[in-house]
Amino acid sequence: MLLLSISHQAQAQTCTVSTLPVTFSTYDPLSNTPSDITGTLTVTCNALVSLLVSYNVKLNGGLTGSVASRIMTSGISQMTYQLYSDSGRTTIMGDGTAGSTIINDGYLLSVVAPVIRNYSIYGRIAAKQNVKAGAYLDTVTILLTY
């Protein structure tokens with residue numbers, strides 16, 4: 001699974017969001033245990049002057065367009081997965097639709113150094129999915145608004 005990086009610029013400050021691709025390990029469709037992974041989303045802000053910065057980060061539903069039911073594909077084969085904001089994997093990270101949560105944060109930003117905030121993303125592929133062997137992929141877009 002790949003998370004894209006998108007940035008947006010304002011006059012007095014610049015913030016960017018980035019992440020490395022979140023890659024699940026080899027999936028065993030016969031296992032009773034889900035396949036879990038943890039990734040990191042990083043927001044970095046710089047300012048020309050000291051100011052209060054607030055932002056939110058949203059993740060879309062991927063290529064399927066559904067935050068509630070994300071799907072990776074390999075050719076015509078599909079495998080469901082989900083991204084969460086908590087290690088217990090109970091709160092879906094998304095765009096605020098379908099009961100999903102977004103990241104809302106803020107802090108005082110000064111000219112001395114950039115402020116970098118890291119947020120964990122917890123992924124899970126449910127156990128016992130009847131899927132064909134292959135490399136499964138989805139692309140989730142990150143929207144940073146400040």
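Me: How much of the protein chain is buried?
Reply: In this predicted model, buried residues account for 41% of the 146 residues in the protein chain.

Me: And which secondary structure elements does the chain have?
Reply: The protein chain has 11 strands and zero helices.

Me: What share of the contacts joins residues at least 24 apart?
Reply: Of the contacts between residues at least 6 apart in sequence, 74% join residues at least 24 apart.

Me: Turning to strand 6, is it mostly covered or mostly open?
Reply: Strand 6, residues 70–74, is mostly covered, with four of its five residues buried.

Me: How many bridges join it to strand 7, and in which direction do the two run?
Reply: There are five bridges between strand 6 and strand 7 (residues 77–84), and the two run antiparallel. Among the residues paired in this way, methionine 72 has methionine 79 in strand 7 as its bridge partner.

Me: What is in the turn?
Reply: Two residues lie between the strands of this hairpin, and glycine 75 in the turn has a positive phi of about 65 degrees.

Me: Now the largest nonpolar core: which residues have the most contacts inside it?
Reply: They are Leu41, Val43, Tyr55, Val57, Leu59 and Leu144, in a core of 30 residues. The elements giving two or more residues to this core include strand 4 (35–47), strand 9 (115–125) and strand 11 (142–145). Strand 5 gives the most, with five residues.

Me: What does tyrosine 55 touch, leaving out residues up to four places away in sequence?
Reply: Tyrosine 55 touches several residues, among them Val43, Ile103, Tyr107, Arg117, Tyr119 and Leu144.

Technical notes: Residues numbered from 1 in each chain as written. Predicted model: local features only at pLDDT ≥ 70, side-chain atom pairs only at ≥ 80, totals over all residues. Heavy atoms only, no water. Buried < 20%, exposed > 50% of the residue type's maximum accessible area, 1.4 Å probe, protein only. Contact = heavy atoms within 4.5 Å. Pairing = 2+ DSSP bridges. Core = buried A, V, L, I, M, F, W, Y, C linked by side-chain atoms within 4.5 Å.
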